[in-house]
Amino acid sequence: MSALQIYVDGISLFGPGLSGWEQSREVLAGDAALLLAPPQLPPVECLPPAERRRVGMLIKLSMAIGFEAVRSAGADPAHLATVFSSTEADCDNCHNILETLASPDRAVSPTRFHNSVHNAPSGYWSIATACMEPSTSLCAYDATFSAGLLEATTQSLNSSKPTLLLAYDATFPEPLFELRPIPYPLGVALVLNPVKTASARAQLSLSLVTSDASKMPDAELEMLRLNIPAARSLPLMQLLAKGSNGTVVIDYLEPLNLSIEVQCAV
Amino acid sequence: MCCLTKFISRVQSLRLTSFTATSAIGTGLAATLAALREQRSGIARKKWETLDFDACIGEVPGLDTLALRDDLAIFDCRNNRLAQLALEQDGFEQSVRDVITRYGSKRVGVFLGTSTSGILSSEIAYRHRDAASGKLPANHDYRHTHNSYSSADFVRRYFGLQGPAFVVSTACSSSAKVFGSAQRMLASGLLDAAIVGGVDSLCLTTLYGFNSLQLVSSNPCKPFDINRDGISIGDGAAFLLVEKAENAVHDDILMSGIGESSDAHHMSTPHPEGLGARLAMQAALKMSGLQPSDISYINLHGTSTHNNDDAEDKGVTAIFGTETPCSSTKGHLGHTLGAAGAIEAIICALALKNNFAPGGVGTETIDPQLHCNYLLSNLEQPMRHALSNSFGFGGSNCSLVFSKITA
């Protein structure tokens with residue numbers, strides 16, 4: 001198989017102590033310390049008030065990364081196909097429905113029910129951006145970032161159009177937290193373009209390999225990488241932050257990993 | 001190549017090498033075809049689990065006592081039991097083993113759709129939390145049952161596959177959209193074959209959830225009927241082994257077109273004019289290179305809610321006019337949610353192979369406000385191309401075109 005080649009036009013990262021790409025870039029480049037604390041997210045934009053009232057952490061996070069990446073690419077979100085990738089739907093909402101179903105009165109709220117679908121962030125995004133382009137929503141447990149990147153890249157190459165990838169995860173409350181201990185919400189977004197334009201910041205060459213995944217040298221960033229599926233992307237994000245050329249291997253599905261050759265000066 | 005398929009681009013098409021479906025109308029293809037031929041419904045009013053109302057549901061019998069293969073016991077939940085039951089039918093396993101031998105285990109992908117995966121196991125676990133600590137029972141396995149990826153993980157391990165895999169979870173369009181993922185992966189050279197499909201099973205989340213939206217009928221659903229008042233939820237699983245279409249032969253079925261779109265309108269209500277649906281159908285036709293008049297039959301999403309059927313009718317008639325034979329097969333087997341796209345793909349394949357358009361079940365009086373050519377009985381006719389619609393919450397739309405190779 002020859003490598004799949006795609007350009008990165010826009011980038012975003014929000015997570016604990018990583019409040020947007022500018023700050024994250026400094027942390028990942030080693031110019032600022034990581035202070036682990038719940039992420040500071042901008043207010044949800046572009047949604048009608050009725051919808052805005054109904055959104056939880058997962059939608060706030062996906063909106064924050066989506067808009068930042070689109071702006072940094074100078075792209076019009078109304079014309080971008082999207083790939084949403086996360087290991088779980090809205091965790092708080094899911095917990096609440098499970099508690100309600102275990103109670104004597106099983107009155108599930110209709111809003112909670114329609115927000116429980118895995119593609120709720122995609123639905124809200126399309127409403128907020130008036131985007132009628134194709135959108136998919138994926139899950140591959142811990143492999144969710146690589147799965148999303150492959151899907152977004154093949155979507156973009158096959159349609160010959162840019163595609164927005166959003167990979168993000170939120171945290172469960174107990175008792176499910178014990179079984180799925182994701183410590184903090186974190187999300188990354190990339191605007192991928194099959195064509196080199198003035199917006200291009202890097203070129204990625206993707207191939208499936210059986211070599212081991214790259215680790216983060218910093219212990220706390222490595223803890224995030226290992227415990228948040230979307231943070232499996234951090235070795236890639238670090239190269240993009242430093243503007244360095246290089247090759248990283250990102251966790252995928254046993255026995256395959258995803259090798260990404262990054263060329264930043266394009 | 002023959003005239004009937006001259007318009008189809010084989011470069012972009014997928015060949016359906018092998019397929020199987022299990023739902024309330026039958027386990028495997030022979031039973032499914034017989035139920036379509038006899039216009040038989042599998043929906044029945046019954047008590048289910050701890051539901052505190054009698055629901056009309058399309059239940060696959062026997063799942064409560066079905067045992068998973070010993071080496072896959074960690075995956076045990078209703079959804080994966082249903083997946084295993086379906087995988088064991090119609091020689092599907094052997095077909096997969098054959099492509100693994102041909103291409104290698106890293107070159108066969110798994111892309112499945114589900115809406116609720118095995119969430120029933122967490123629903124039950126939440127009823128048995130430790131009174132003091134609130135902990136879930138020690139044997140509850142979130143990862144291998146409830147998590148959305150569970151079904152693809154299960155199928156990947158069932159066959160010892162080592163290639164790319166994921167689950168698409170876009171509500172009721174999930175297992176239609178997996179055809180697109182497989183098509184793009186094959187076109188990109190990452191894979192030589194893929195298992196696509198969907199599995200969704202009865203659970204309290206969907207039964208109470210759709211009920212809270214007043215979208216569950218108190219009777220077996222009746223799509224496109226003047227008195228339609230909601231869906232009937234069903235169990236369903238369908239798997240298809242797909243490869244590139246270059247080597248397709250006489251009587252093979254191809255997925256020749258896929259179109260995807262977003263409504264950008266509302267989380268749980270379709271665009272009133274069926275605008276997103278229209279975009280998906282047009283994109284599927286464009287990819288297949290066909291005109292609306294080439295389509296012999298449309299398998300409608302046809303959920304039997306007032307708004308969904310109304311919006312879909314507007315979308316269909318805007319493109320196809322009022323002559324193309326259509327029906328929903330939700331009256332046969334209920335709405336299998338994330339599995340519906342794959343099951344209805346197989347119904348289209350059966351219809352093409354057997355030269356009949358299935359008439360709907362449950363519908364008595366077609367709503368005079370709806371104008372598409374809704375079939376109330378089976379229509380025997382030569383079948384060349386069929387289109388299937390799947391639309392989901394969040395405004396997620398997907399249309400598929402299937403074509404029969406005739407030498």
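**Briefing: contacts between and within chains A and B**

The side chains of B:Arg129 and A:Glu99 form a salt bridge with an N to O distance of 3.4 Å, the term standing for a side-chain nitrogen of Lys or Arg within 4 Å of a carboxyl oxygen of Asp or Glu. This is a predicted model, in which local features need pLDDT of at least 70 and side-chain atom pairs count only at pLDDT 80 or more, whereas totals for chains, interfaces and linings use all residues. Residues are numbered from 1 along each chain as its sequence is written, chains are lettered from A and ligands numbered from 1 in the order in which they are written, and side-chain values use heavy atoms, with hydrogens and water left out.

**Interface of chain B and chain A**

- Contact, meaning heavy atoms within 4.5 Å, involves 62 residues from chain B and 58 residues from chain A.
- Between them the two chains bury about 5,100 Å², with 64% of it on carbon and sulfur atoms; buried area is the accessible area (1.4 Å probe) that two parts lose on being put together, summed over both.
- Of the area that chain B buries against chain A, 15% is supplied by B:Tyr126, B:Tyr142 and B:Met267, more than by any other three residues.

- The axes of α7(A) and α7(B) come within 9 Å and cross at roughly 75°, where axes are lines fitted to C-alpha atoms, for helices over the stretch in contact, and angles run from 0 to 180 degrees between N-to-C directions.
- That makes α7(A) roughly perpendicular to α7(B), since angles under 35 degrees count as roughly parallel, over 145 as roughly antiparallel, 65 to 115 as roughly perpendicular and the rest as oblique.
- Here A:Leu150, A:Glu151, A:Thr154, A:Gln155 and A:Asn158 meet B:Ser181, B:Arg184, B:Met185 and B:Ala187.
- By class, this contact of α7(A) with α7(B) has 3 nonpolar, 4 polar and 2 charged residues, with Ala, Val, Leu, Ile, Met, Phe, Trp, Tyr, Cys and Pro counted as nonpolar, Asp, Glu, Lys and Arg as charged, and the others, Gly among them, as polar.

**Helix packing within each chain**

- In chain A, helix α3 (residues 57-73) and helix α6 (residues 120-129) pack at an angle of about 50° with their axes 10 Å apart, helices (H or I, at least four residues) and strands (E, at least two) being DSSP runs numbered from the N terminus.
- α3(A) and α6(A) are therefore oblique to each other, and their contact has 10 nonpolar, 3 polar and no charged residues.
- In chain B, helix α7 (residues 174-187) and helix α12 (residues 340-354) pack at about 75°, with their axes 4 Å apart, so α7(B) is roughly perpendicular to α12(B).
- B:Ser175, B:Ala176 and B:Phe179 of α7(B) make this contact with B:Ala340, B:Gly341, B:Ala342 and B:Ala345 of α12(B).

**Local features of chain A**

- A salt bridge joins the side chains of A:Arg71 and A:Glu45 at 2.5 Å, N to O, and links distant parts of the chain, with A:Arg71 in helix α3 and A:Glu45, 26 residues apart from it, in the loop between α1 (21-28) and α2 (49-52).
- The peptide bond from A:Glu174 to A:Pro175 is cis, with omega near 10°, and A:Pro175 lies in the loop between β5 (163-169) and α8 (176-179).
- Another cis peptide bond joins A:Glu254 and A:Pro255, with omega about 5°.
- A:Ser160, although not a glycine, has a positive phi of about 55°.
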